[in-house]
Amino acid sequence: MIKTLITNVKIADGDDALHRFRSPFVLVHGRNGGGKSAIINGLELACFGKVCDVVGKDIKLKRYLEYLSADGATVHALVHTSDNLRLSYPEKPSDIREKYIDAMSLALDAIKGSKVAFAKFLLKYLQDDVELSVPIYGWDAVVTSAKNHREALLRVEESTNKKLRTQRARLKELEIAAKYAPLDDELKSQRYDTERSVDDAKRDIKAINREMSRFVKEAAPGLLKYMERFLPEGMGIPELVMSDSDFTLGFANRPYPSGAETVALAAALGAAVLPADSSIYIFPDRAYDEITLGGMMRAARTIPAVGVYIQSTVTPSNYDAEKLGWQILKV
């Protein structure tokens, strides 16, 4: 767990603030403008080298991050962990920083992204040893070199999309050239071969996407059942609805979740598939009411993780957070 945070993020006088953590489960509580996001942003910078804005968008560019400090000072953040690791910003990313993953952002991006993005998330992190196959030349060799079929499918998806982008760029060059002068026989042959390569790549991508969809459909029942244990009581039964081109992760009879429900689903998805020994969950800033917050914290307390951090202007009702292992950090 994280033991201390030292940072100058959003400190008006330019000095550093020191925050000590007694638990891996932390509620940062205070009024709007009181300094909650300063703590959260400091943790994000030290652990991930980025911060997330209010809508969950990653901000990594240094020229924007420098606005987080006062009087033009270089923004910095440093955390120490219980296993004697030191993570800091603006030091360059290291193997130590790569030890931790921004679990909430990963899961939210998977839920709010495309059908392919969701499938790639599950292929990368869901530890299901399933047999997959696509009618692509060299598939068996990729499977042999990869750790498993899931990794093999991710590799061919990446390489095939790269091939498609390259061939499309080449085709565009030839089309531009043809506008200014007739193509000679060699360039005509190149255009023909490139058009065939584009068609072949499109065909392969369709086959890859079909296999990705099959994997998600077969994995979904067990995944959704496992996610239930990490959702707030009474929120509903998670349900995945898939079409040929899209998907929705919501609840039975309620396919389009609210903002707080989406956060809860992301936390449950991450808890179900992401590695516990490297996952840090930083909940996005939401206007939780006392009852909703209590349910979220009760469920979050079951998440296997390095740390779970929530910020709120209220404290939970019907849930004795401190007795149940939470630290309430008042600012």
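Axes are lines fitted to C-alpha atoms, for helices over the stretch in contact, and angles run from 0 to 180 degrees between N-to-C directions. This is a predicted model: local features need pLDDT of at least 70, side-chain atom pairs count only at pLDDT 80 or more, and totals for chains, interfaces and linings use all residues. Residues are numbered from 1 along each chain as its sequence is written, and side-chain values use heavy atoms, with hydrogens and water left out.

**Exercise 1. Find how far helix 7 reaches from its first C-alpha to its last, and where helix 7 bends.**

Step 1. Locate the helix. Helices (H or I, at least four residues) and strands (E, at least two) are DSSP runs, numbered from the N terminus. Helix 7 covers residues 185–227, which is 43 residues.

Step 2. Take the span. The first and last C-alpha lie 60 Å apart, close to the expected 63 Å. The expected span is 1.5 Å times one less than the number of residues.

Step 3. Look for a bend (the angle between axes fitted to the seven residues ending at a residue and the seven starting there). Helix 7 bends by about 45° at alanine 220. Proline 221 follows within four residues.

**Exercise 2. Describe how helix 6 and helix 7 cross.**

Step 1. Helix 6 spans residues 149–180. Its axis comes within 8 Å of the axis of helix 7, and the two cross at roughly 150°.

Step 2. Name the orientation. Angles under 35 degrees count as roughly parallel, over 145 as roughly antiparallel, 65 to 115 as roughly perpendicular and the rest as oblique. Helix 6 is therefore roughly antiparallel to helix 7.

Step 3. Sort the contact residues. They divide into 13 nonpolar, 6 polar and 10 charged. Here Ala, Val, Leu, Ile, Met, Phe, Trp, Tyr, Cys and Pro count as nonpolar, Asp, Glu, Lys and Arg as charged, and the others, Gly among them, as polar.

**Exercise 3. Classify the packing of helix 7 with helix 8, then of helix 4 with helix 6.**

Step 1. Helix 8 is residues 259–273. Helix 7 and helix 8 pack at about 110°, axes 9 Å apart. So helix 7 is roughly perpendicular to helix 8.

Step 2. Helix 4 is residues 115–125. Helix 4 and helix 6 pack at about 140°, axes 8 Å apart. So helix 4 is oblique to helix 6.
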